[in-house]
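Please look through the sequence and the structure below before reading on.

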Amino acid sequence: MAVDRDIFGISGPTYLNPVNWNCEHNRRSVAACLVQAVYVLERDRQLGRQSVEALGPLWWEFFHFELIRKLVDDADLSIFGAIFEFNPPSSKEASADNAPRFVIAFRGTITEKETISRDIALDLHLVQNGLHRTSRFTIAMQAVQNVASVFPGSTIWLAGHSLGAGMAILTGRNMVKKGVLLKSYLFNPPFVAAPIERISDERVKHGFRIARSVITAGLAIAMKGKGEGSSQRSLAEDSFNILSSWTPYLFVNPGDHICSEYIGYFQHRKNMEDLGAGFIEKLATQNSIGDLFYKALGWESEPLHLLPSADLIVNTSPSPDFKYAHGISQWWQPELNLQCSKYRYS
């Protein structure tokens, strides 16, 4: 993912000069560009671009950020994340209400020979609800905790794309359990489930969702009745209620089957409540069939896609192909057709 200078100009989107931190579109664009900065940092490393040849700094210096730490994977030594600190030239801009002090950003999968083996292995961990058992998560979590503890009260953003969005969700969830709510920008976050959203017939789609909810709720009740992991499910329910206070921004594209299921996940919850089946959906929202299966086998599982609350932002602008629909570059474009829905769990 090299820098496209035609899109980005010489050092940043010109329409963001200066950044209006009170504008949600500006904030989204900056967060996306800082995630792209991590992709470019890793490509700089792979290609040996250093000093004036490095392209990474173009993606953060334009917005007056400084790179204060690279997050390096202990398995392949790749750069998978970065911590940026906002350091504008004027104190007025630094004290802007909606400006962050720190942004901790995570990239997604890079399909180059230096990274593909490790990144694909992590993708599989994510699909199996086991990303929390990886050393990359441990490094990320320690980094987020360190910033939050050393700079208490500072505005800290999490941002991530694809696999990196999964990492941001996981670190954000764990920080909530510690009583710290971090503003989170999650671009094309993976939803581990059958892509029902891809079904064009609305009645068929709705039928599939109802069936999945009934099956999921039924399995949860059956396992609880047999006493299998009942303490785990009680803890999971408490954890879900605690997480409801955290409202991440989810940026999804209907043309991206990796993340598009979030659209139906939240809308279906409302539909079931309207049908008077809120109890069934409450159980289904807190569980997934895969998660119940893993726990029945005694495996530790943490499904990232089960989120109580979120601001869901859907890019309804035409996407030429899947590569663009799943790409990070769409999220800093100046003119997008976006639909925003706010979902709050109660």
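The protein chain holds 22 aromatic pairs, where rings of Phe, Tyr and Trp (its six-membered ring) pair if their centres lie within 6.5 Å. The model is a predicted one, in which local features need pLDDT of at least 70, side-chain atom pairs count only at pLDDT 80 or more, and totals for chains, interfaces and linings use all residues. Residues are numbered from 1 along each chain as its sequence is written, and side-chain values use heavy atoms, with hydrogens and water left out.

**Aromatic pairs**

- A pair of aromatic rings is described by the distance of the centres and the angle of the planes. Planes under 30 degrees apart count as stacked, over 60 as edge-to-face and the rest as tilted.
- W21 and F65 form an edge-to-face pair, with 6.4 Å from centre to centre and 70° between the planes. This pair links distant parts of the chain, since W21 lies in the loop between α1 (5–8) and α2 (24–47) and F65 lies in strand β1 (residues 65–72), 44 residues apart.
- W21 counts as buried because its relative accessibility is 3%; buried means under 20% relative accessible area, exposed over 50%, and partly exposed in between (1.4 Å probe, protein chains only). F65 is also buried, with a relative accessible area of 3%.
- F102 and F151 form a tilted pair, at 4.7 Å centre to centre and 45° between the planes. F102 belongs to strand β3 (residues 102–106), whereas F151 sits in the loop between α6 (135–150) and β4 (156–161), 49 residues apart.
- F102 is buried because its relative accessibility is 0%, whereas F151 is partly exposed at 28%.
- One aromatic cluster is formed by W21, F65, F86, W157, Y185, F187, Y249, F251 and W331.

**Strands and their pairing**

- The chain has 13 helices and eight strands. Helices (H or I, at least four residues) and strands (E, at least two) are DSSP runs, numbered from the N terminus.
- Strand β5 (residues 183–187) pairs with strand β6 (residues 249–252) in the parallel sense over three bridges; two strands pair if DSSP finds at least two bridges between them. In this pairing, L186 stands opposite L250.
- β6 also pairs in the parallel sense with strand β7 (residues 310–315), over four bridges. There, L312 is the bridge partner of L250.

**The chain as a whole**

- Of the 346 residues in the protein chain, 52% are buried.
- Among contacts (heavy atoms within 4.5 Å) between residues at least 6 apart in sequence, 74% join residues at least 24 apart.
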